[in-house]
Amino acid sequence: MIFELKKLLGFLAKKKTTILCLSVVFFFASSAPDISAQKKFSKSYPASKNVRLLLKNRTGTVTVEGWDRAEVKISAFVENSNTKIAPENLSGTIQINLVKDNHGINEVGSVNFVIKVPYFSSVNIETMMGNLNVTNVRGGFVKAHIATDGDITLTNISAENVAAENMTGDIFFDGELHSGGIYRFSTTSGNINLRIPPNSSFLLTATAPSTRNISLGAFSGANMNLIGNGRRIIGKVGDGSATMTVTSQRKSISFIRR
Amino acid sequence: MNCEQCQELVSIYLDNELDTNVSMNVQTHLSLCAECAKVCEDFAMILDFCETEDILPNSKALWCRINNIIENDVNPENLQEKQQQPLVETSWLAKAKSNFWQFTSSQVVASVLGIALISSLLTVVGLKNFAAGEENYAAATPNIFEKVLGKVGLIATSQQTREKRIREQQTTVDYWRARVETRRENWEKHLREAFDRNLNEIDQVVYEYDRILLDNPQDELSGEMLDSALNEKVELLREFSEL
């Protein structure tokens, strides 16, 4: 028995290179269908500093990142090869509307976007389903809307108008508030976490009617009023120059010092 | 015998009912007086006609005559009343007109205040009713004045406004739902599932606030949240109807 085992090990040692090669081939062969199923779309546009990006997706993840170039670069990974992507560049506005472009097509599939925009761009992205991420944008407005499921993550944002709304999913905002700016965050079933500088000043209306879980953290103070048995908090932080409205119908709201 | 005496006795003469002497005197006068003879002839002809023809009274003409008589008796009284009435009215109007512009200072002040109050009320009612359709009904808590107006029935209460708004939204929901139903077969399975899951989530929220408002109709915050949830429902249906 021991002899037979030694014989087998000796055989495997001799064929080690062959086995290794076969394993590599098998690995690539198993992952090959995924690669071939995802079609990549890529397009770049020269853009002004304050370009506007309007994107309406059906399903999939959208990531928008600010960069230090006067250029918009759109990369899309398309699940279904029938899916049409037809960006338009109309007088300083780059528009992609997958809902309109694929109207009447039954199997559109998911499209995952990675879009690079100049820092001072304004961004308006919508999707029926999927996560939305916006990073390093300092333009006039940042708007993110998910019709159903998906998280919204806005990181390092400095815009005068920010709006984030979804149905089921969390919202995270990490950024600065501008004097006179309007900031609106709303979800039906999701947690909202807002990370803002300690010197921020704003008028707050925060509503969490189901849980009454509103944590103001470092921003809680004497100028806060509880309405409807704690279901809503209204108050002023600093001189109240910005306006912030936060609503989570069924989950919590938290403020974090940046 | 003169003519007058003769003509008075002609009718009796023709009936042969006079004394012989008187009858002879009448006959003598008739032979001498052509005028009285003519009267006697006329009488004789009438008598002759009456004796030969049976004259039946015309009932229609008779009733007509009776009616005319009655009307002639009644109308003078009515006419008298009608003639008297304008006189009374004219006198009353004249009296009123003469006193119309004669107000005391207190009456003038009271009138001005009344007009100002009614104008203010109508303005408030108008603005309220206009704003109710445009804005979120629960955004503002009604003040005492508005509550009084609501009690009186001049403006809708927040509950009435809410119910009206819900009915309107339900109509909108029904419209978009019908459109969604025609399209949902074309959606991918995971999208259909996400839609149903989220619609169910909103319906759950709507149900919860509905229950709260049944217990406490004055809960403005729940009213606002219900309104918001219904808006989200409409928005969800509208967005998916485009797919």
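His29(B) is buried, with a relative accessible area of 12%, where buried means under 20% relative accessible area, exposed over 50% and partly exposed in between (1.4 Å probe, protein chains only). The model is predicted: local features need pLDDT of at least 70, side-chain atom pairs count only at pLDDT 80 or more, and totals for chains, interfaces and linings use all residues. Residues are numbered from 1 along each chain as its sequence is written, chains are lettered from A and ligands numbered from 1 in the order in which they are written, and side-chain values use heavy atoms, with hydrogens and water left out.

His29(B) belongs to helix H2 (residues 20-32) of chain B; helices (H or I, at least four residues) and strands (E, at least two) are DSSP runs, numbered from the N terminus. Neighbours within four places in sequence aside, His29(B) is in contact with Met1(B), Asn2(B), Cys3(B), Cys6(B) and Cys36(B), contact being heavy atoms within 4.5 Å. Between the C-alpha atoms of His29(B) and Cys3(B) the distance is 7.8 Å, at a sequence separation of 26 residues.

Chain B contains nine helices and zero strands, and its elements follow the order α-α-α-α-α-α-α-α-α from the N terminus. Of its 243 residues, 25% count as buried. Among the contacts in chain B with a separation of 6 or more, 68% are between residues 24 or more positions apart. The accessible surface of chain B is about 17,300 Å², and 57% of it belongs to carbon and sulfur atoms; accessible areas come from the Shrake-Rupley method with a 1.4 Å probe, and for residues only the protein chains shown count as cover.

On chain B, Phe103(B), Val108(B) and Val112(B) make a nonpolar surface patch of about 280 Å². Patches are made of residues with over 30% relative accessible area and no salt bridge, like charges being joined within 9 Å and nonpolar side chains (Val, Leu, Ile, Met, Phe, Trp, Tyr) within 5 Å; a salt bridge is a side-chain nitrogen of Lys or Arg within 4 Å of a carboxyl oxygen of Asp or Glu. Val108(B) lies in helix H5 (residues 105-134) of chain B and is partly exposed, with a relative accessible area of 42%.

Chain A has three helices and 21 strands. Of the contacts in chain A between residues at least 6 apart in sequence, 54% join residues at least 24 apart.

Ten strands of chain A form an open sheet of mixed pairing, in the order S1-S4-S7-S3-S9-S11-S13-S15-S21-S17; two strands pair if DSSP finds at least two bridges between them. Its edge strands, each pairing on one side only, are S1 (39-46) and S17 (214-215). Strand S3 (residues 62-67) and strand S9 (residues 132-137) of chain A are parallel and share four bridges, with Val62(A) bridged to Leu132(A).

Strand S15 (residues 192-196) of chain A is parallel to S13 (residues 171-176), with four bridges, and to S21 (residues 253-257), with five bridges. Leu194(A) is the bridge partner of Phe173(A), and Ile196(A) stands opposite Arg257(A) in S21(A). In a regular strand the side chains alternate between the two faces of the sheet. In S15(A), Ile192(A), Leu194(A) and Ile196(A) form the covered face, while Asn193(A) and Arg195(A) form the uncovered one.

The largest nonpolar core holds 57 residues, of which Phe113(A), Phe185(A) and Phe255(A) touch the most other members; a nonpolar core is a set of buried Ala, Val, Leu, Ile, Met, Phe, Trp, Tyr and Cys residues joined through side-chain atoms within 4.5 Å. Beyond four places in sequence, the contacts of Phe255(A) include Leu194(A), Ile196(A), Phe202(A), Met244(A) and Val246(A). A separate core of 28 residues includes Met167(A), Trp187(B), Leu191(B) and Leu199(B).

Two loop residues of chain A have positive phi values. Most residues other than glycine have a negative phi. Phi of Ser91(A) is near 35°; Ser91(A) is in the loop between strands S5 (88-90) and S6 (93-97) and is exposed, with a relative accessible area of 78%. Phi of Asn229(A) is near 55°; Asn229(A) is in the loop between strands S18 (224-227) and S19 (232-237) and is exposed, at 67% relative accessible area.
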